[in-house]
Amino acid sequence: MPSLLAERTESGLNPRQQSAARVTLVSSHFTRLGRAGRGLLGIAILALVWEYVPRLGLVNNYFLPPLHEVLHAWWGQLRDGELLRNLRASAVRSGIGFGIAIVTAIPIGVAIAWYRPVRDILTPPLEVFRNTAALALLPVFTLILGIGETSKIAIVVYACFFPILLSTITGVATVDPQLLRSAKVLGLSPQATFRKVVFPAAVPTIFTGIRISGAAAILVLIAAELVGATAGLGFLINYNEQNFLIPQMYAAILTTTLLGLAVNYALVILERRFSRWRA
Amino acid sequence: MSAQIELKDAGQVFAVRNDDDKRKQDFVALANVNLTIAAGEFLTLVGPSGCGKSTILDLIGGLTKPSSGTVSIDGEPITGPGPDRSVVFQQYTLLPWRTAQENIEFALEAVGGWSKSERKERARRYLDLVGLTEFANRYPHELSGGMKQRVAIARSLSYEPSVLLMDEPFGALDAQTRERLQEELVDIWKRTGTTIVFITHDIEEAIFLGQRVAVMSSRPGTIRTVINIGLDRSASAEEDVRGTQAFAAYRHQVWSLLRERPVNRVGVASVA
């Protein structure tokens with residue numbers, strides 16, 4: 001079986017030779033198709049385990065129904081529109097919160113990284129907030145903003161804000177000083193230097209934070225909806241559980257997983273578009 | 001299109017903190033630097049590391065102001081960076097998200113005064129000059145070190161500065177690429193007539209490139225001697241200039257100067 005050692009020490013063309021000849025080395029150890037096939041195999045094993053562990057009585061099949069029952073329930077909920085209605089509620093909340101976090105955290109992060117005094121003043125209070133878990137503040141948000149949409153969106157904003165803020169600060173503050181020197185030699189104004197040099201250089205780092213936030217947005221929202229809501233995937237999970245609709249509950253959980261996968265995949269694609277110039 | 005540069009008693013002092021006793025003190029990076037660089041001249045600055053070579057370049061480039069003395073270009077004191085001077089750094093300083101062509105256009109956008117199509121045309125022309133016509137659409141990570149430095153040189157020349165300042169630009173390249181780029185640079189210099197100030201710690205590079213070699217000493221950084229180099233480099237393509245007797249003699253002369261401890265600590269520069 002090909003190991004990491006065999007893979008990494010394989011001799012072949014170096015990257016420069018590859019790019020000079022405009023070719024890509026074909027590894028003897030793995031092919032794209034082979035890897036995709038193995039990935040499908042992993043999923044298939046998971047599905048089989050889920051199907052047969054309850055059937056063989058290894059766990060109570062009332063609390064963990066076999067996969068086919070869950071998929072059946074999922075299909076049923078999808079057809080009667082229940083699933084989509086709650087999925088839409090969750091997607092709108094997390095989308096709005098995520099969006100607000102992006103448009104506020106990036107400018108603030110830029111200001112913090114660009115001006116040393118702002119950084120010195122804001123860093124300590126931001127550290128305090130950053131280390132306060134978003135879910136710990138859920139009661140506070142509910143008290144102040146009520147149990148409606150506002151408190152749920154607010155907690156998503158809170159959870160998404162800090163990863164984006166921190167990655168923006170890092171991205172802007174760690175721009176190669178040589179690039180800044182060469183911009184200065186060219187007589188570029190500070191505004192133009194920011195627009196043409198600093199921001200593009202920081203984009204890949206900022207995107208790391210955006211991706212972390214994308215996952216956090218869903219995570220925190222589901223938790224908030226579990227506690228108190230009248231719609232949303234978290235509400236649906238909770239509702240089904242309390243009414244002993246166990247396969248339906250698993251169907252709702254599976255839907256949150258799919259939502260998370262979709263968001264992450266979309267962000268990865270977007271990130272790749274913006275960082276194509278990276279080696 | 002070339003300009004004369006003059007450093008008169010130029011000195012540069014930085015505030016530092018002593019690592020041993022933590023006390024603040026002044027660090028004299030440069031003292032009494034006197035140097036006149038004629039319009040269209042190719043001058044190389046050679047010296048041990050830490051002798052203030054790069055500080056001289058920062059002064060001429062306008063990235064810093066002298067603590068004492070004056071630095072002027074065509075009689076005017078230098079107050080900041082300007083499009084009459086450009087710098088090529090050792091690190092390639094290309095924008096990694098722009099292609100070779102777009103990196104040159106970036107410099108033209110920064111300096112200003114050209115339309116979009118003029119920038120495109122000009123960038124292409126200067127890529128031709130450094131022999132990278134087919135690599136216009138490659139990103140920096142797809143180029144070798146030598147190619148990246150060629151792009152950086154093309155970028156610096158693209159807005160036709162009268163002075164090109166080069167800070168150990170070939171320091172990170174392998175020996176063969178370095179020699180080839182040296183020859184190309186001499187060729188470009190002859191064609192464009194730009195004044196070039198070239199910093200290096202490589203004695204052979206200094207002699208091969210410079211019409212004059214300014215030898216520096218350190219602590220405080222100053223110019224010890226300026227040597228006129230009388231080598232014929234016009235035939236460099238056919239003949240191995242670096243292998244001649246005359247070249248070896250110059251090499252030995254500079255080598256000896258760099259080896260011996262300066263007698264006069266505050267060396268007075270002799271200007272040829």
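User: When are two residues of this predicted model in contact, and what share of the contacts in chain B between residues at least 6 apart in sequence join residues at least 24 apart?

Analyst: Two residues are in contact if their C-beta atoms, placed from the backbone, lie within 7 Å. The model examined here is predicted. Among contacts in chain B that link residues at least 6 apart in sequence, the share joining residues at least 24 apart is 71%.

User: What radius of gyration does chain B have, and why does it agree with a compact globule?

Analyst: Chain B has 272 residues, and a compact globule with that number would have a radius of gyration near 19 Å. The value for chain B agrees with this because it is 19 Å.

User: Which strand pairs with β6(B), and in which sense?

Analyst: β6(B) takes part in a pairing that extends over four bridges. Within this pairing, V88(B) stands opposite M166(B). The sense is parallel, and the partner is strand β7 (residues 163–167) of chain B.

User: Which element gives the most to the side of chain B that touches chain A?

Analyst: The contact takes 21 residues from chain B and 16 residues from chain A. On the side of chain B, the elements that give two or more residues are β6 (85–88) and α2 (100–111). The most, four residues, comes from α2(B).

Notes
Residues are numbered from 1 along each chain as its sequence is written. Chains are lettered from A and ligands numbered from 1 in the order in which they are written. This is a predicted model: local features need pLDDT of at least 70, side-chain atom pairs count only at pLDDT 80 or more; totals for chains, interfaces and linings use all residues. The radius of gyration is taken over C-alpha atoms; the globule rule is 2.2 Å times the number of residues to the power 0.38. Two strands pair if DSSP finds at least two bridges between them.
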